Each structure stands twice: as structure tokens, then as C-alpha cells.
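Here are some quick notes to go with the model you're looking at.

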Amino acid sequence: MHSSLRAGFIRARRVLTLDPTQQPADAVWWQQGRVMAVGMAADVAPRVPVPTPMFELPDAWITPGLVDGHTHFASWALNRRRVQLAGARDRAEAVRRVARARPVDGWILGQGWDGNGWHPPPDREALDAVQSGPVFLDSLDLHAAWLNSAALAAAGIDRSTPDPFGGRIVRDAAGEPTGLLQERAVELALAALPVPPPELLRSALLDGQAEAHRLGLTGIHNVESEEVLSAFRALDAEGLLRLRVLFHPPVASLPRLIRDGAKSGEGSAWLTTGGVKLFLDGSLGTQTAWMLDHYEGSDDRGLPISTFEQARDATALAANAGIASVVHAIGDAAVRRALDLLETLPRTALPHRIEHLQCVHPADVGRAA
């Protein structure tokens, strides 16, 4: 059934809704893209105007469309065309997959490795042995990258490169970069990567949209760059966007949003402005989530990604312009800071939100509520 079908009537085995008072139903009627009635076919069918397409699906269950509350949709869509490393049981298996890849625009790009429990861990030498050209591999949680020597050189990263605030260049005992970059250190390499041409991004988004529909996904809350937002806008203008997208641009876009008069909750039927996304810490997978106590077996407590003053000023500026804040906080120290920031902000049309809220100190649970 094509997503652009503006009217129709379906009778199925059962229709499930989100309404706890909904009586048993086996039919849905929609008109002009809106659901007009859900109920038993015998009651709904007489109200359906003629001609309306009719569908009999006696073995099907119909559910509301799924909305994914946190996606990096374009990254996922593009990475479907790159080296897939998810599920690699150890470094050797990941390296074998990289060895089979062919460069695109001179680079091997991949995503999905999870080095937790790998012995030996990821390093540049393992990739150097199978690819002489540059290799850049995003981690499963997108908070670390694994590079070979050629990629480090292309990015200008060597033993003299300092760690950026909120990031870490992992180094060996001699001080040489191992090939692992964490958090904002990943940004040091991004400028060297080939930029996907607009036509490739457009094609990837359309393919990803079709796959999302196949899985029952009808809406997403997306957290990505201005380039991706522009690509979604282009699809919307062409009448090809058929996912309802709540888009959270990066906090770096805040000056442009204010200049354009953008407000959270505004947009088209398919593409809505959300809040500006800012990071307070990293992830548990890379042990960069910012914790009140150190990680077991370590004196490391993770990384704050933004200073309190930076985050305070950005969230206040956004809220006063009618723009919500979407604050990434995983570790309990980061969650506490997020609460400190958001508690005092003026309300906006969409609520401010903490993305993940994954580790919360018991003293802060009530504050979150």
C-alpha cells in the first residue's frame, strides 16, 4: 500500500490503538491523509464514501506507526552502504571485513564496531596490515572512531596533537596515537573525510525511508547536521518526505535559527523544528559518560563535553528565543548538570528534554520528575 494513498478502508484481523478505552476493532477508514474512524467493519463501512479503495487483510494486525525518539537517520542510511562492523566478535573479525572493502573517494568508511571485551583492542596497526589507504570506522555508539595510520596522517593527528576539550586521542606508552579517537577528538578527523554529494545523501535518505516504512516506522526524532536538515527540506519540498521528522539541529546552529526566527514546534506537516542539541558528556560504551564516581578498576570518571558556562549561556539564549534544548546526558554527573541547567529555563512550545538520562543518582530522581 503506497504511503501517498490519501483515502482508503482496511478490514484486518484486529486493529490496535493507543486508546485504553478503545473497543475491539477490525477496521480503519482514512480520508485526505487523516484517520476518520477505527472500529468494527460493520459499523465503519457504511460511513465510507464511494469510491474509496477497499483492502481485505484477514490475517493482519494493524498498529499505530512507530516513532523512534532518537535517531541519526542520515548516518544510518549512509552507513548501510559502508563496511558493516556491528556484531564483529573480536578485532580480527572486524579487520577481515575491512580487508574485503574497496575504497570510495580514496577512503574506507565503516561503522558499528564495539570494542568492549576485545583482546587485543582496536589499533591502527591492525588496519594498516590490510589497507594502505585511509580507513575511518565509527563505533557502534558514534562516540569513538578507529583510524589507521593513513587516516591519522590525513587528519594531521600525531603525537604532538593536543587533546581537544571534551575529547581524547588514545595514546600508547610512547605517546603515539593508537588510532582510537574519543568524543570531540573524532571531530579532528571529520574534516578530512570525503563529503557525501547531495545526490548520494538524497538517495540514501529515500532508501532509508523505504526501509523505515517496511519496519513500521512512520516518524523520527532526528539529531544531525544542517546539511541533513537541508536534505530533508528538499525532500519535503518535492513531496517525497513520508516520515514525520522532528529535527533537532546542533547547538552550533543556534545563531542561524534565531536569525531566521525559527521556533520549536513550527514547520510543515512532515518536518518540524525541535530543540537545539548539545552534549554534556559521552557514552558508557567508550567510558566517556561523565560520572560522579570513577569507573570500576579505573581512576577515570569520563568526560564533560561542554563547560557549565557554555551550556548555561546556550540553553538560556535558545529558550529566550522560543527554542527548546535537547541535552545529551548519560552519566550521573552529566544528568545532575542537565537538571541544574533546565530547571530554571523559560518554557517553550516543545518541552526541554534530557536525551538518555541513563545513569541517575537517587538524589536526582525526584528532580527529574
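Which exposed residues sit on the face of α8 turned away from its buried side? Keep that one in mind; point 3 has the reply.

1. First, the ground rules. This is a predicted model, where local features need pLDDT of at least 70 and side-chain atom pairs count only at pLDDT 80 or more, while totals for chains, interfaces and linings use all residues. Residues are numbered from 1 along each chain as its sequence is written, and side-chain values use heavy atoms, with hydrogens and water left out.

2. Now the overall picture. The protein has 12 helices and 17 strands; these are DSSP runs numbered from the N terminus (helices: H or I, at least four residues; strands: E, at least two). Of its 369 residues, 44% are buried, with buried meaning under 20% relative accessible area, exposed over 50%, and partly exposed in between (1.4 Å probe, protein chains only). The C-alpha atoms fill a box of roughly 80 × 50 × 40 Å along the principal axes.

3. Take a look at helix α8. Its buried residues are V228, L229, A231, F232 and L235. They cover an arc of only 160° around the axis, which puts them on the same side of α8; the arc is that of the directions from the helix axis to the C-beta atoms. An α-helix has 3.6 residues a turn, so residues three or four places apart point the same way. And the reply to the opening: E227 and A237 are the exposed residues on the face turned away.

4. What lies over that buried side? The cover includes α2 (73-79), α7 (198-214), β12 (217-223), β13 (244-248), α9 (254-259) and β14 (271-273).

5. On to the largest nonpolar core, which has 21 residues, with L205, F232 and V245 making the most contacts inside it. Such a core is a set of buried Ala, Val, Leu, Ile, Met, Phe, Trp, Tyr and Cys residues joined through side-chain atoms within 4.5 Å. L205 touches F73, A74, A77, A231, F232 and L235, leaving aside residues up to four places away in sequence; a contact here is heavy atoms within 4.5 Å.

6. D138 is buried yet has no salt bridge, and the nearest side chain of opposite charge, R82, is 6.0 Å away. A salt bridge needs a side-chain nitrogen of Lys or Arg within 4 Å of a carboxyl oxygen of Asp or Glu; Lys and Arg count as positive, Asp and Glu as negative, and His and the chain ends are not counted.
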